[in-house]
Every structure is written in C-alpha cells, then in structure tokens.
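Hi,

Here's the structure I promised to send over.

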Amino acid sequence: MNNFFWIGGALWLDAVNSEWISDGERVDGWRDAASLEAWLRQAGERFGEAEALRDVRLKGGDELLEAAKPLRAALRAACEAAHEERRVPALALAELNAALARRAVMSRLEATADGWREREVLAGQEGVLWLLARSAARSWTGGELSRLKPCANPDCILWFLDTSKNGTRRWCSMQGCGNRHKVTAHYERRKRRVGEAN
Ligand SMILES: [Zn+2]
C-alpha cells in the first residue's frame, strides 16, 4: 500500500510532495515505476484535471520515471524561488515548457445519461508529464503562487497552497507537523514550569 501526501491543494504541488521526510530520511514516493504508477492513479482519482490518469498503465515505466523526476525537481525549484521571491530558474522553466510542448493528451466525446461529456485520455505516456506541467501552468497563471507556503516545520519538505481565509495555515497537516509542534510546545511549557518550581 502506498501512502502519499495529498495536502498541497494542486496536482503539480502534490507531485513535489511525492518526496517527503520520514524519521529524518528523505523518502521518494516515486522510487520505481510501480510506485509512480500508483501515485498517478491516486492523482487521477483526486484531481478532475488529471482524470486521464485514473487507470494509467505504465509500459516501460522506467523511461517515464526518468523523465518525471527532473520535472518534479523543476517544480520544487520553482516553489523555492517563488517563496524567496526570486525568479523561477530558467532551467526549471525550460523543463516545464518542454513538458508542455509534448501534449500527448486527447479528448473523447461521450454520451451520458444527461447529455454529453468530453473526457481527457492519454494519447501516449508523455501525456503524464504534460498533465503535471499544465497543472502548474494553470495554477501559476491563476495567481496561486502568491498563496504557496512551505510547511513551517523546518524538518519537513512539503508545500501547500494556503487557501485559509486569513492566510494563517502553517502546517502541511494538523495531524502531522501541526500536532508535533503542539506536543513539543506543551512539553517545553511544562519543563519551564517545573524549572520555575525548583
Ligand atoms: Zn510538515
């Protein structure tokens, strides 16, 4: 069973979040073609814009894996740049534009019970990369980078779009880093109180 993080609020961001820290070690959720395939299928279930991935089957998946990792690294570099109010590195942008140039996704018209539906399907494996890059393109042009935040835990490498009303979200999740912070703060307060009592 593959447990991935779906906390970013955008397909492209959760692609970045397919790398995380566990017990101080960096974990790659895309460690092999099978795990990438599992990630893509879950993404297809979660994001309407990625419905073409719902039952994707990677043939010769290693090739796609080798192409997907630099795209993911480019997206992470873009996150870091946006957060530090730097320009997105030219190489990262070039990586994204290369993926956007290979649009192996087509649509199919289907009759449904109450009308018609245009459904996106993969025309080739590269369409996977195109879908990830398109998600970034839509998100960035839609101004979402201004809401991009890294988790406030310095030991965590997850990113998210802060869609809270007051822009006050700090943690990748309240169950994860948010809770750890609460527990640490609690023990530190208690330690201080015990220290004062002595
Ligand atoms: Zn976190």
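Helix H2 (residues 33-46) and H3 cross at roughly 70°, and their axes come within 9 Å. Angles of 65 to 115 degrees count as roughly perpendicular, so that is what H2 is to H3. On the H2 side the contact involves Ala33, Leu36 and Glu37, which meet Gly61, Asp62, Leu64, Leu65 and Ala68 in H3. By type, the residues of this contact split into five nonpolar, one polar and two charged. Bear in mind that all of this comes from a predicted model.

Next pair: helix H4 (residues 90-100) packs with helix H5 (residues 127-141) at an angle of about 120°, their axes 8 Å apart. H4 and H5 are therefore oblique to each other, and their crossing is left-handed. H4 puts Leu96, Ala99 and Leu100 into the contact, while H5 brings Leu129, Trp130, Leu132, Ala133, Arg134, Ala136 and Ala137. Here the count is nine nonpolar, no polar and one charged.

Which of its residues are buried? They are Ala92, Glu95, Leu96 and Ala99. Looking down the H4 axis, these buried residues fall within an arc of 95°, so they line one face of the helix. Their cover includes helix H3 (61-83) and H5. On the face of H4 turned away from the buried side you'll find the exposed residues Ala90, Leu91, Ala94 and Asn97.

Cheers

Note on methods
Residues are numbered from 1 along each chain as its sequence is written. This is a predicted model: local features need pLDDT of at least 70, side-chain atom pairs count only at pLDDT 80 or more; totals for chains, interfaces and linings use all residues. Axes are lines fitted to C-alpha atoms, for helices over the stretch in contact, and angles run from 0 to 180 degrees between N-to-C directions. Helices (H or I, at least four residues) and strands (E, at least two) are DSSP runs, numbered from the N terminus. Angles under 35 degrees count as roughly parallel, over 145 as roughly antiparallel, 65 to 115 as roughly perpendicular and the rest as oblique. A crossing is left-handed if the near helix is turned anticlockwise from the far one by less than a right angle, and right-handed if clockwise. Two residues are in contact if their C-beta atoms, placed from the backbone, lie within 7 Å. Ala, Val, Leu, Ile, Met, Phe, Trp, Tyr, Cys and Pro count as nonpolar, Asp, Glu, Lys and Arg as charged, and the others, Gly among them, as polar. A residue is buried if 20 or more other C-beta atoms lie within 10 Å of its own, exposed if 12 or fewer, and partly exposed in between; C-beta atoms are placed from the backbone. The arc is that of the directions from the helix axis to the C-beta atoms.
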